[in-house]
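Q: I am new to this structure. Could we go through it step by step?

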Amino acid sequence: MTPAPRERRPIRPLSARTVERIAAGEVVERPASVAKELVENSIDAGATTVTVRLEGGGSTGLEVADNGMGIPPDELELAVQRHATSKLAPDGPVDAIDSLGFRGEALAAIASVSRFQLISRPTEREVADGISVVGGKVTGRFRSPRAIGTTVEVGELFFNTPARRKFLRSPAAEQLEVVRTVERLYVARPSVTYRVESEGREVVSLPAAVRVEDAAARVLGPRLLNEGFPVGGSVPGGTVSGVLGRPTTAAPNSAGLYLVVNGRSIGSRPLAQAVRAAFADHLPRGRFPVGVLRLELDPSRVDVNVHPTKREVRFAKERELLDAVRREVRRGLLASPQVADLAPERGPVPAPVECGTAGRSGTRLSSTAPSSRVQSRLDEGPASPPSVPTASGAGRPSLVLLGCLQAIYWVAEADDGLVLIDQHAASERVVYETLLRDGRLARQALVEPATLALTGTQAAALVAHEEEVRASGFEGEPFGPTTFRVRSVPSYRGRRARADALLELLDELAAGGRPVVAGGLRERTAASVACHAAIRAGDPVEPEEFRRVLRSLSELPESAYSCPHGRPIFVRFPRSRLDRWFLRTGP
Ligand code: ADP
Ligand code: MG
């Protein structure tokens, strides 16, 4: 939703009574929060292009320039005064707010902890006027040529509050956060063109988009468009719309779900949970939907005045709204063709097949090409059956591979029954341990370098996590501001990762890495790399590889029987349980 450009109102101090009614608190924590406030001001000023320039990730210098309606010269000082705003009348009301800002605090807060300049040329003027503010004190006034619009320059953030400066992270990490913030704003207001430059180089360019799908694809990667499904429908008091990724594109955390309420990008656990709930049985534990979901609601149903940075909102009749959102998302999900195919099969239980013959779908043990290859090799008898620990941890019985189920599970015979092994989880655990032990993975050069289109977050994550990415085995070089040419990929004993697994790895690194059962950043990073370098569900596997993975697993401590994120590697069906199932009492 892009509100029609408003008539500009003068900046006036809010009355004491109104100030008491707005959520108070600190809005400036780091460069990204400064960028958020400044870009929101540009949007409120009706700008169609906004440029964010960073030095030192925004900690040394952060500038936001727009082509909005500007500020008259005699209101510049008011603009940096606390609780002075052009967006609310002095006496409110504070409950029908149609602008992103309304508290009149951001510029004052930012100017009090930086070396600050506000330069603006309103529509009716020939030249721009500016003021300098140091640590909150106006120190000077000047004129300079400028096109219509406003520039805010924030130098040396927290120069006068060293305790807060200490908490700033590396330039690359701060830049990454700024980029994510701008991407969130873009998804909420895609009718504006946004650019981010760092040390004079363009790092992100987000051209104005008419369709939310196009904006979503720019931010979440083009895969979302190809593998996403639309959501659209009515909810009590408004509408819901957007595009979400199908379960196959789900992410390890909820950072890939962008929520927009009345043109405002928000965080909302209950809303995110409602979306997650709609995916219910279609997403394994620990996976979260990605995409953009927009709610347009009657303003009386949304309270934006509950959080100082307005990152959270409160909904009236929340339960009813969340139920409706869940229903609409579910409807979109089930209507998307690929998901409909995945729905659990109903109908008669398939007829049993004879041992050793390929049966019909759902009952076969060895009907895919790769698994029959495994089968035929096993017919010759495995050279040396590997010995592996089992899920129960009791002893280390030998396993003999019987076959492979739909290129996802290995089926093996243990001394005391049947064992199913998740081929991806098993391989992932082995790669993960190797990476933690050796600090890096082997790499394999690609014959043909692969060119990948990066989103802004991915490009920023590549800079922020250069070392981890290189240690993982991915190597290459930038090829234009938003493309990367991959020259080598991780390889693990002859198996190569896909080049585009780098994109998933970058998404995860940007979001802080895969959650793992235990461990810090190093473990989380290793888990991300392992996931993308490991054998995938669906990959054909040679018997030697099966043996090798199991042998490596058998060398791990027994605590490592799950993949790094806690999914089990083995499931055991002891003979005694099989006997119970078949109501067999005798030997
Ligand atoms: P708020 O946005 O809550 O009003 P701010 O401190 O962010 O408070 O801004 C104070 C005032 O300065 C705004 O109300 C607006 O009138 C003016 N202002 C700030 N940034 C811009 C901009 N980029 N373009 C035009 N006016 C601006
Ligand atoms: Mg503001």
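**Surface, core and pocket**

A: The protein chain exposes about 26,700 Å², with carbon and sulfur atoms supplying 53% of that area (Shrake-Rupley method, 1.4 Å probe). This is a predicted model, in which local features need pLDDT of at least 70, side-chain atom pairs count only at pLDDT 80 or more, and totals for chains, interfaces and linings use all residues. Residues are numbered from 1 along each chain as its sequence is written, chains are lettered from A and ligands numbered from 1 in the order in which they are written, and side-chain values use heavy atoms, with hydrogens and water left out.

Q: Which residues touch the most other members of the largest nonpolar core?
A: They are F116, L118, I421 and V486, in a core of 115 residues. Such a core is a set of buried Ala, Val, Leu, Ile, Met, Phe, Trp, Tyr and Cys residues joined through side-chain atoms within 4.5 Å. Helix 6 (residues 171-188) gives the most to this core, with 8 residues; helices are DSSP runs of H or I with at least four residues.

Q: And is there a second core?
A: A separate core of 33 residues includes L14, A250, L257 and V275.

Q: New topic: which residues lie nearest the centre of the second largest pocket?
A: R184, I266, G267, S268 and R311 do, among 39 lining residues.

Q: How do the lining residues divide?
A: The lining of the second largest pocket has 14 nonpolar, 10 polar and 15 charged residues.

Key:
Buried means under 20% relative accessible area, exposed over 50%, partly exposed in between (1.4 Å probe, protein chains only). Helices (H or I, at least four residues) and strands (E, at least two) are DSSP runs, numbered from the N terminus. On a 1 Å grid over the protein atoms alone, a cavity is a set of points where a 1.4 Å probe fits but cannot get out, and a pocket is an open set with protein on both sides within 12 Å along at least five of seven lines; lining residues have an atom within 4 Å of a point. Ala, Val, Leu, Ile, Met, Phe, Trp, Tyr, Cys and Pro count as nonpolar, Asp, Glu, Lys and Arg as charged, and the others, Gly among them, as polar.
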